[in-house]
Structures are given as C-alpha cells and as structure tokens.
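Hi,

Here is the structure I promised to pass on.

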Amino acid sequence: MYEYTAETSNATNTITATALKPGAIVAIKVNGEAHTSGTAATWETGENTVEVTVTYGTTAKVYTVIVTKTA
C-alpha cells in the first residue's frame, strides 16, 4: 500500500489517474464513493480519503491520499 497526504482550501479539485501500462484498469474512490477520473471531487472540511486502485492482470496496487481541506 502506498500512502500520501495533501492539503487544499478549495471546495473542489479535479482528480485524474492514468495507468502507465496499456490494459491496466484504474478505479478511484473518494470517501468510499466511486469517482470518475478527470472530474472534480467535492471535499468535506477536514480529512478526505482518495483511494486509487490500479489493476493489471492479477496484480493490484492501492494508492491512498489523505486530502485535508481547511475551512
């Protein structure tokens, strides 16, 4: 598992995830809800969890970003 942190003061930011390997599948979740790559996410004040899962064949890697939105 790979974990990162980020901060924002914006109400929304675009989340885009692109796999480097052709044929890999990318799935994004924001606070547990499915999210479409390239679209804006609306942040809750405080901590938000962005989970990006990249699957290639039978291998999956999960990248987690904790985005903290200040009031």
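Tyr 2 comes out as partly exposed in this predicted model, at 35% relative accessibility (buried is under 20% relative accessible area, exposed over 50%, partly exposed in between, with a 1.4 Å probe and protein chains only). Tyr 63 is partly exposed too, with a relative accessible area of 27%. The count of aromatic pairs comes to 1, where the rings of Phe, Tyr and Trp (its six-membered ring) pair if their centres lie within 6.5 Å, and planes under 30 degrees apart count as stacked, over 60 as edge-to-face and the rest as tilted. Tyr 2 and Tyr 63 form that pair, and it is stacked, at 4.9 Å centre to centre with 15° between the planes. Since Tyr 2 lies in strand 1 (residues 2-8) and Tyr 63 in strand 7, the pair ties together parts that are 61 residues apart in sequence. Strands here are DSSP runs of E, at least two residues, and helices are runs of H or I, at least four, numbered from the N terminus.

A quick word on the ground rules. Residues are numbered from 1 along each chain as its sequence is written, and side-chain values use heavy atoms, with hydrogens and water left out. As this is a predicted model, local features need pLDDT of at least 70 and side-chain atom pairs count only at pLDDT 80 or more, while totals for chains, interfaces and linings use all residues.

Going through the pairings, strand 1 and strand 7 run parallel, joined by 7 bridges, and Tyr 4 has Val 65 as its bridge partner in strand 7. Strand 6 and strand 7 run antiparallel with 11 bridges, one of which links Tyr 56 with Thr 59. These two strands form a hairpin with 2 residues between them, and Gly 57 in the turn has a positive phi of about 65°. Strand 3 and strand 6 (residues 46-56) are antiparallel as well, through 6 bridges; there, Ile 28 is partnered with Val 52.

Thr 64 sits in strand 7 (residues 59-69) and is buried, with a relative accessible area of 9%. Leaving out residues up to four places away in sequence, its contacts (heavy atoms within 4.5 Å) include Met 1, Tyr 2, Thr 49 and Val 50.

Asn 31 lies in the loop between strand 3 (25-30) and strand 4, and is partly exposed at 35% relative accessibility. Its side chain makes a polar contact of 3.0 Å with that of Asn 48 (a pair of N or O atoms within 3.5 Å; within protein, one must be able to donate a hydrogen and the other to accept it, and residues adjacent in sequence count only if both atoms are side-chain atoms). Asn 48, in strand 6, is buried at 0%. A polar atom of the Asn 48 side chain also lies 2.8 Å from the backbone oxygen of Glu 44.

Cheers

Methods
Pairing = 2+ DSSP bridges.
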